[in-house]
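Here are some notes to go with the two-chain question you raised. Have the viewer open while you read.

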Amino acid sequence: MITNENMDDELKDAPLLKSMSRENPFKVPDGYFDSFPTIISEKIAAQNSKPDWAIFLQNVFQPKYVVAMLVFAVVLTSGIFYFNEHSKLNQQEMLLSYDDLNNLNYIEQIDESDLIDAYSSVSNSEVYQSSEDNSDIENYLIDNQTDNAIIENEL
Amino acid sequence: MTDYTDSELLEQFRKENTRNYAFNLIVRKYQQKLYYHIRKIVLDHDDAHDVSQNTFIKAWKGLNNFREDAQLYTWLYRIATNESFTFLKQKKTKFLIPLGDGEHELSNNLASDNNFNGDKIQMKLQQAILTLPEKQRIVFNMKYFDNIKYEDMSEILGTSVGALKASYHHAVKKIEKYITGD
């Protein structure tokens, strides 16, 4: 059991501390301890009357979380805004290219005969190439004395 | 007000119809002890008021799970001590007080505190206490002013009795030296 005597023993090397008054030097406003239990009761009643979702929101919207959420919201909004602007720009570029064509009457300026010549030159080269391929095949068949009837049967 | 024992108060607290009444009695029984314990750590009255409120709200929330392995008053003191140190840490962060300057800040606040009615030597004693490390400070306050048993202190602070005695001995020597101006 610790008593005041024990305590004084512990202060034997500290005469000044031993001689000092151990009265509480701190004071409180008048009637403070009369009103304090009521303050606590009111606080507890307020907490108990809060629905669960309000307590949840209160916990979620703590300052430290709000800052993080705001930063995230700003980054997300900026990202969406940037993406939208970028895709709008591409669409506008495409529309502009059609407009340019119309404005320049580009298609109207093309001579139809040039188109026909271009098309026929492509077709001729294809026909020429295919006939060349056929003659090669015929020569191969002749060289190897292949019977046409066998090939027809196979086909 | 009838003086109930802690066990009687806890029994009443566990009953739904007497819970609020029992807690009100617990607050009335321990408010002064806890307030002054907190006040000696945070020094300012408004801060002590806030921390005292937090302490009792936490006690209200946790009292349902309180098993009587510990004494009610040591359990309440432990909450109050933790809340006080948490408060001081938050205050340092909030007002961007550099590490180690918190005690200087507290000392300045104490000098201008209207709710401090100690004389010159008591002011010097409080300033001497503020020079101690956090744990030594609290051990000194609990022993010197409140004469709390080392065994109870051990329960509150989670430190061995031997370490607490050594801590108090060092604190006494440092404070005596500070006051005598050696």
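1. Ground rules. This is a predicted model, where local features need pLDDT of at least 70, side-chain atom pairs count only at pLDDT 80 or more, and totals for chains, interfaces and linings use all residues. Residues are numbered from 1 along each chain as its sequence is written, while chains are lettered from A and ligands numbered from 1 in the order in which they are written.

2. Chain A against chain B. Here 24 residues of chain A are in contact with 34 residues of chain B (contact: C-beta atoms, placed from the backbone, within 7 Å). On the chain A side, the elements giving two or more residues are helix H1 (4–10), helix H2 (15–19) and helix H3 (32–49); helices are DSSP runs of H or I with at least four residues, numbered from the N terminus. H3(A) gives the largest share, eight residues. By type, that side of chain A has 16 nonpolar, three polar and five charged residues (nonpolar: Ala, Val, Leu, Ile, Met, Phe, Trp, Tyr, Cys and Pro; charged: Asp, Glu, Lys and Arg; polar: the others, Gly among them).

3. A:Leu17 sits in helix H2 of chain A. It counts as buried because it has 21 C-beta neighbours inside 10 Å (buried means 20 or more other C-beta atoms within 10 Å, with C-beta atoms placed from the backbone). Leaving aside neighbours within four places in sequence, A:Leu17 is in contact with A:Leu11, B:Val172, B:Ile175 and B:Glu176.

4. The core. The largest nonpolar core has 45 residues, and B:Ile38, B:Val42 and B:Phe140 are among those with the most contacts inside it. A nonpolar core here is a set of buried Ala, Val, Leu, Ile, Met, Phe, Trp, Tyr and Cys residues joined through C-beta atoms within 7 Å. H3 of chain A is one of the elements giving two or more residues to this core, and H2(B) gives the largest share, 10 residues. B:Val139 is also among the residues with the most contacts in the core; not counting residues up to four places away in sequence, B:Val139 touches B:Met153, B:Leu164, B:Ser167, B:Tyr168 and B:Ala171.

5. A helix pair. H2 (residues 19–42) and H3 (residues 45–62) of chain B pack at about 135 degrees, with axes 9 Å apart; axes are lines fitted to C-alpha atoms, for helices over the stretch in contact, and angles run from 0 to 180 degrees between N-to-C directions.

How values were computed
Two residues are in contact if their C-beta atoms, placed from the backbone, lie within 7 Å. A residue is buried if 20 or more other C-beta atoms lie within 10 Å of its own, exposed if 12 or fewer, and partly exposed in between; C-beta atoms are placed from the backbone.
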